[in-house]
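The following exercises concern a single protein chain. Please work through each task before reading its solution.

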Amino acid sequence: MKTLTSTINVQVDERDKEQANNILKDLGGKTNPKPSDELLDALKEGEEIIQEIKDGKRTGYKNANEMLKAIIND
């Protein structure tokens with residue numbers, strides 16, 4: 001069975017951060033996990049898509065309504 005992980009980002013002061021890190025270490029959690037290869041591949045693909053939109057090779061949309069209008073008018 002594949003293990004799923006999630007990341008939580010919050011703004012806290014240094015003292016609270018240190019306490020949380022210590023608790024997570026005690027529980028066996030990682031405080032700075034390495035991104036998975038799948039995530040890195042997805043980020044790279046996203047950057048390529050953004051560049052294609054900038055280069056005019058792909059159509060981009062600012063929101064779902066804009067995309068639906070383009071589909072309907074196509």
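**Exercise 1.** Where is the place of Arg 58?

*Solution.* Arg 58 sits in the loop between α2 (37-54) and α3. Helices here are DSSP runs (H or I, at least four residues), numbered from the N terminus. The model is predicted: local features need pLDDT of at least 70, side-chain atom pairs count only at pLDDT 80 or more, and totals for chains, interfaces and linings use all residues. Residues are numbered from 1 along each chain as its sequence is written, and side-chain values use heavy atoms, with hydrogens and water left out.

**Exercise 2.** Determine the surroundings of Arg 58.

*Solution.* Step one: with neighbours within four places in sequence set aside, Arg 58 is in contact (heavy atoms within 4.5 Å) with Ile 49, Glu 52 and Ile 53. Step two: the side chains of Arg 58 and Glu 52 are joined by a polar contact of 2.8 Å. A polar contact is a pair of N or O atoms within 3.5 Å; within protein, one must be able to donate a hydrogen and the other to accept it, and residues adjacent in sequence count only if both atoms are side-chain atoms.

**Exercise 3.** Why does helix α3 lie largely in the open?

*Solution.* Buried means under 20% relative accessible area, exposed over 50%, and partly exposed in between (1.4 Å probe, protein chains only). Helix α3 (residues 64-73) lies largely in the open because, of its ten residues, the number buried is zero. Leu 68 belongs to helix α3 and is partly exposed, at a relative accessible area of 44%.

Definitions and conventions: Helices (H or I, at least four residues) and strands (E, at least two) are DSSP runs, numbered from the N terminus.
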